[in-house]
Amino acid sequence: MKDAHDDRSFEHDVYDVVRAIPSGRVTSYGAIAKVLGATRASRRVGWVLNKSFGKQPAVPAHRVVNRLGMLTGAIHFPADRPMAEQLVAEGVVIENDTVVDFEAVFWDPMTEL
DNA sequence: CATCTGACCTAGT
DNA sequence: AACTAGGCCAGAT
C-alpha cells in the first residue's frame with residue numbers, strides 16, 4: 001500500500017465539500033482547507049480544484065472564491081464556461097469579478113456541513 | 001537538478 | 001491596526 005498520507009484523500013475530501021455547496025452559495029479556499037484540518041493549505045485546495053474540470057460527478061468549482069469574494073480562479077476557467085456566468089445563472093450577483101453581498105451568500109462548510 | 005511560482009491564508013511582529 | 005514572513009505541495013522553467 002501507499003503511505004498513510006494518501007494524497008487522494010485530500011483531493012476526494014475537497015471535491016466532497018465543494019459538491020456539498022448549495023446552488024446560489026459560495027465558499028472560500030480557506031474555509032475548505034480549515035474544515036479539512038489543513039488550515040494553511042489553502043493553496044493546495046486551489047490546485048486540487050484545477051484538476052476538478054471534467055470530473056464526474058461534476059465539481060462546482062465556480063462556487064469557490066477567495067476570502068475577499070473575488071473570482072481569482074476565473075482566469076483558469078474554460079472560456080466557454082466563465083465562472084461568473086455560472087454563478088450569475090445560479091442567482092449570485094457578480095460585479096467586477098467580485099461577489100456582491102459576499103457574506104450573505106457565503107456558505108461555511110464548517111458550520112453548515 | 002535547483003529555483004520559483006501559484007485558484008490562498010494564518011500567524012507573528 | 002498594518003506589514004512581513006512563513007507555510008503547503010506540486011508543476012513549470
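Trainee: What is the relative accessible area of Phe53?
Mentor: Buried stands for under 20% relative accessible area, exposed for over 50% and partly exposed for the range in between, with a 1.4 Å probe and protein chains only. Phe53 lies in the loop between α3 and β2. Phe53 is classed as partly exposed because its relative accessible area is 35%.

Trainee: Which pLDDT do local features need?
Mentor: Residues are numbered from 1 along each chain as its sequence is written, while chains are lettered from A and ligands numbered from 1 in the order in which they are written. Side-chain values use heavy atoms, without hydrogens and water, and since this is a predicted model, side-chain atom pairs count only at pLDDT 80 or more, totals for chains, interfaces and linings use all residues, and local features need pLDDT of at least 70.

Trainee: Which aromatic residue forms a pair with Phe53?
Mentor: Rings of Phe, Tyr and Trp (its six-membered ring) pair if their centres lie within 6.5 Å; planes under 30 degrees apart are stacked, over 60 edge-to-face and the rest tilted. The structure holds two aromatic pairs. In one of them the centres are 5.0 Å apart and the planes stand at 90°, an edge-to-face arrangement of Phe53 with Phe77.

Trainee: How many residues apart are Phe53 and Phe77?
Mentor: Helices (H or I, at least four residues) and strands (E, at least two) are DSSP runs, numbered from the N terminus. Phe77 is buried, with a relative accessible area of 14%. The pair links distant parts of the chain, the loop between α3 and β2 and the loop between β2 and α4, and the two residues are 24 residues apart.

Trainee: Leaving aside neighbours within four places in sequence, which residues does Phe53 contact?
Mentor: Contact refers to heavy atoms within 4.5 Å. With neighbours within four places left aside, Phe53 is in contact with His76, Phe77 and Pro78.

Trainee: Which base atom of DNA strand B does the side chain of Arg43 approach?
Mentor: A residue is near a strand if one of its heavy atoms lies within 4 Å of it. Of the 21 residues around DNA strand B, Arg43, Gly46, Leu49, Arg67 and His76 come nearest. An N or O atom in the side chain of Arg43 is 2.4 Å from a base nitrogen.

Trainee: Which backbone nitrogen lies 3.0 Å from the side chain of Asn66?
Mentor: A polar contact is a pair of N or O atoms within 3.5 Å; within protein, one must be able to donate a hydrogen and the other to accept it, and residues adjacent in sequence count only if both atoms are side-chain atoms. Asn66 is buried, at 14% relative accessible area, and lies in the loop between β2 and α4. Its side chain reaches the backbone nitrogen of Leu68 at 3.1 Å. At 3.0 Å, the side chain of Asn66 reaches the backbone nitrogen of Gly69.

Trainee: What is the omega of the cis peptide bond between Gln56 and Pro57?
Mentor: Pro57 lies in the loop between α3 and β2. The cis bond joins Gln56 to Pro57 with an omega of about -5°.
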